[in-house]
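Here are a few notes to read with the model open beside you.

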Amino acid sequence: MASSIRKNTLIIAYAGLLLLVGAVPGYVVAQNCGCAANECCSRWGYCGTDVDYCGTGCQEGPCFAPPPTNDASVADIVTPEFFNGIIDQADASCAGKRFYSRDIFLEALNSYPRFGRVGSVDDSRREIAAFFAHATHETGHFCYIEEINGSSKDYCDESNTQYPCNPNKGYYGRGPIQLSWNFNYGPAGESIGFDGLNSPEIVVIDPVISFKTALWFWTNFVQPVIGGQGFGATIRANNGMECDGGNPATVRNRVRYYTDYCEQLGVAPGDNLTC
């Protein structure tokens with residue numbers, strides 16, 4: 001599965017921000033927030049003033065106001081026919097056939113009211129098509145609930161002291177977007193309400209939590225780039241190691257699903273489809 005090389009998430013979701021913090025004078029660590037009055041406390045607990053700190057996930061301070069939501073109904077767009085048209089392509093023996101469902105997705109969605117509701121209604125349809133394109137690619141049409149041979153992979157960033165690894169646990173890909181790495185399991189668990197570091201396996205036990213991890217990752221790391229940068233940017237956010245010639249076949253596969261779902265949802269796919 002493509003998620004088996006999600007190491008780029010380390011660059012996008014955490015390490016890149018740490019490098020930025022370390023490289024820019026005046027940006028100080030604020031693990032418990034407590035930033036200066038004119039600074040924001042980012043999702044990772046660092047102080048600063050630009051979009052990395054005051055944008056998505058900003059905890060306190062002069063956080064940037066999120067764009068308004070529209071009147072799109074995700075439930076009306078993700079019809080039973082649309083969802084089942086994806087999962088019905090999975091073999092009957094697949095674990096996901098007994099785990100994922102449209103009803104579970106909509107239940108998880110209650111915690112993420114901004115998903116599929118930013119920009120125009122066409123933007124909503126494109127975002128939904130993008131989400132399900134990546135989920136389709138990473139789970140084999142919702143066949144898999146965890147990464148193939150994931151337990152043999154090392155997804156522990158030992159330099160991350162905020163979310164230290166439990167040596168007896170594995171942080172390989174799980175769920176519809178294949179959540180990976182300790183620095184994603186930790187904050188996802190904090191946000192959703194489970195012990196991501198000590199009980200990462202809950203993601204393949206509780207289907208609502210499983211979909212919530214996908215929506216958590218999406219709204220924090222993917223939704224901010226899709227509107228202005230197109231589908232190609234969502235590939236980079238999900239698994240940037242595929243980009244820039246890293247794995248053109250998987251990029252084409254993601255784009256194929258995306259354009260197919262856009263057609264099903266009656267919306268043009270837009271520009272900048274690849275990365």
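1. A word on terms before we start: a residue is called buried when its relative accessible area is under 20%. T213 has 1% relative accessibility, so this residue counts as buried. Please keep in mind that the model is predicted.

2. Where does T213 sit, and what does T213 touch beyond its neighbours within four places in sequence? The residue lies in helix α8. Setting those sequence neighbours aside, T213 has contacts with L179, I192, F194 and V203.

3. Helix α8 covers residues 207–229, helix α6 covers residues 121–139, and the two pack at an angle of about 125° with their axes 12 Å apart. Because of that angle, α6 is oblique to α8. Their crossing is right-handed. On the α6 side the contact is made by R126, E127, A130, F131 and H134, and on the α8 side by A214, L215, W218, Q223 and I226. Sorted by class, the α6 and α8 contact holds six nonpolar, two polar and two charged residues.

4. The axes of α6 and α10 come within 8 Å and cross at roughly 135°, so α6 is oblique to α10. This crossing, too, is right-handed. From α6, the residues in contact include R125, I128, F132 and H137, and from α10 they include N253, Y257, Y261 and L265. By class, the contact of α6 with α10 has 10 nonpolar, five polar and four charged residues.

5. An unreviewed UniProt entry places the feature "active site" at E138, a residue in helix α6. Is E138 buried or exposed? Its relative accessibility is 0%, so E138 counts as buried. E138 is also among the α6 residues that make the contact with α10.

6. Finally, have a look at helix α9, residues 231–239. Eight of its nine residues are buried, so α9 is largely enclosed by the rest of the structure. The buried residues are F231, G232, A233, T234, I235, A237, N238 and N239.

Methods
Residues are numbered from 1 along each chain as its sequence is written. This is a predicted model: local features need pLDDT of at least 70, side-chain atom pairs count only at pLDDT 80 or more; totals for chains, interfaces and linings use all residues. Side-chain values use heavy atoms; hydrogens and water are left out. Axes are lines fitted to C-alpha atoms, for helices over the stretch in contact, and angles run from 0 to 180 degrees between N-to-C directions. Angles under 35 degrees count as roughly parallel, over 145 as roughly antiparallel, 65 to 115 as roughly perpendicular and the rest as oblique. A crossing is left-handed if the near helix is turned anticlockwise from the far one by less than a right angle, and right-handed if clockwise. Contact means heavy atoms within 4.5 Å. Ala, Val, Leu, Ile, Met, Phe, Trp, Tyr, Cys and Pro count as nonpolar, Asp, Glu, Lys and Arg as charged, and the others, Gly among them, as polar. UniProt positions are given in the numbering used here, feature names are shortened, and annotations may be inferred rather than shown by experiment. Buried means under 20% relative accessible area, exposed over 50%, partly exposed in between (1.4 Å probe, protein chains only).
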